[in-house]
Amino acid sequence: LYVIFGVGGGILAAVYRGSWVDKAVQIVALGGLATPSFWLAIVFQVVFFAHLRWLPATGRLTAGAAAPPAVTGLYLADGLLAGNWPLFWDALRHILMPAAALLLGSIANVLRITRRAMLQVFGEPYVGTARAKGLGERRVILRHALKNAAIPVLTMIGLQTGFLFSSAVVIENVFSWPGLGKYAVDSIANLDFPPIMGVTLIVAALFVLINLVIDLLYPMLDPRIQY
């Protein structure tokens, strides 16, 4: 979600530079950078649970609800596969606030980098040449501008995906979400060192793997890069 909204919002801000769309995107980016995810999570709980009563505050399902047959381990996917729509809706309501807290904190950097890279590419001669040839604006943006602006954007996506793991540790504890992050914090509280080392190793390995994949994608975007 943060890749879709971050890249899409950055492109819109660059295309409509100086408009209200650009200003709105920059406000969202600035707010995302300045707002800690744990504080945003608590605000969501106060507003949407305590005051509006729209969404549940904690957990993956309502207390007493039976989990769907385990296929993927993801309640949304397993609820769909089982055709259990009430359970799917219940799982969706529980995941909205944690996902939104992570999304808004992660989207800011991708928005900023995408906008900056697109504005820089729009000033290049080949973009003007493509427009002079009569190519459609969508093709100019997606085929010529975005592809050449994708290197810094892809780098930021890789880094931000790694940072999501550290943010998830806090978010899972705020929402009592039984995930890897909460498991790590509970292990720290109980001085259980093997799980602490295991979680650290897993997160570090995922971070390295994600950045390795990003590096391997560079030659697909820029043929001047070779390994």
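Mentor: Let us begin with the second largest pocket, which holds about 320 Å³ of space. Please bear in mind that this is a predicted model.

Trainee: What is the general idea behind finding such space?

Mentor: Rolling a probe the size of a water molecule over the atoms shows where empty space is left. In the present case, 16 residues line the second largest pocket, and Val-121, Tyr-126, Asn-148, Ala-149 and Arg-224 lie nearest its centre. H5 and H7 are the elements that each contribute two or more residues to this lining.

Trainee: How many nonpolar, polar and charged residues does the lining of the second largest pocket have?

Mentor: There are nine nonpolar, two polar and five charged residues in that lining.

Trainee: What is the volume of the largest pocket?

Mentor: Its volume is about 770 Å³. The lining comprises 28 residues, with Ile-95, Leu-102, Ala-168, Glu-172 and Trp-177 nearest the centre. Helices H4 (75-82), H5 (85-122), H7 (137-174), H8 (180-189) and H9 (193-221) each supply two or more residues to it. By class, the lining of the largest pocket has 22 nonpolar, four polar and two charged residues.

Trainee: Which element gives the most to the lining of the largest pocket?

Mentor: H7 does, with seven residues.

Definitions and conventions. Residues are numbered from 1 along each chain as its sequence is written. This is a predicted model: local features need pLDDT of at least 70, side-chain atom pairs count only at pLDDT 80 or more; totals for chains, interfaces and linings use all residues. Side-chain values use heavy atoms; hydrogens and water are left out. On a 1 Å grid over the protein atoms alone, a cavity is a set of points where a 1.4 Å probe fits but cannot get out, and a pocket is an open set with protein on both sides within 12 Å along at least five of seven lines; lining residues have an atom within 4 Å of a point. Grid points are joined across faces, edges and corners, and a volume is the space filled by probe spheres set on the points. Helices (H or I, at least four residues) and strands (E, at least two) are DSSP runs, numbered from the N terminus. Ala, Val, Leu, Ile, Met, Phe, Trp, Tyr, Cys and Pro count as nonpolar, Asp, Glu, Lys and Arg as charged, and the others, Gly among them, as polar.
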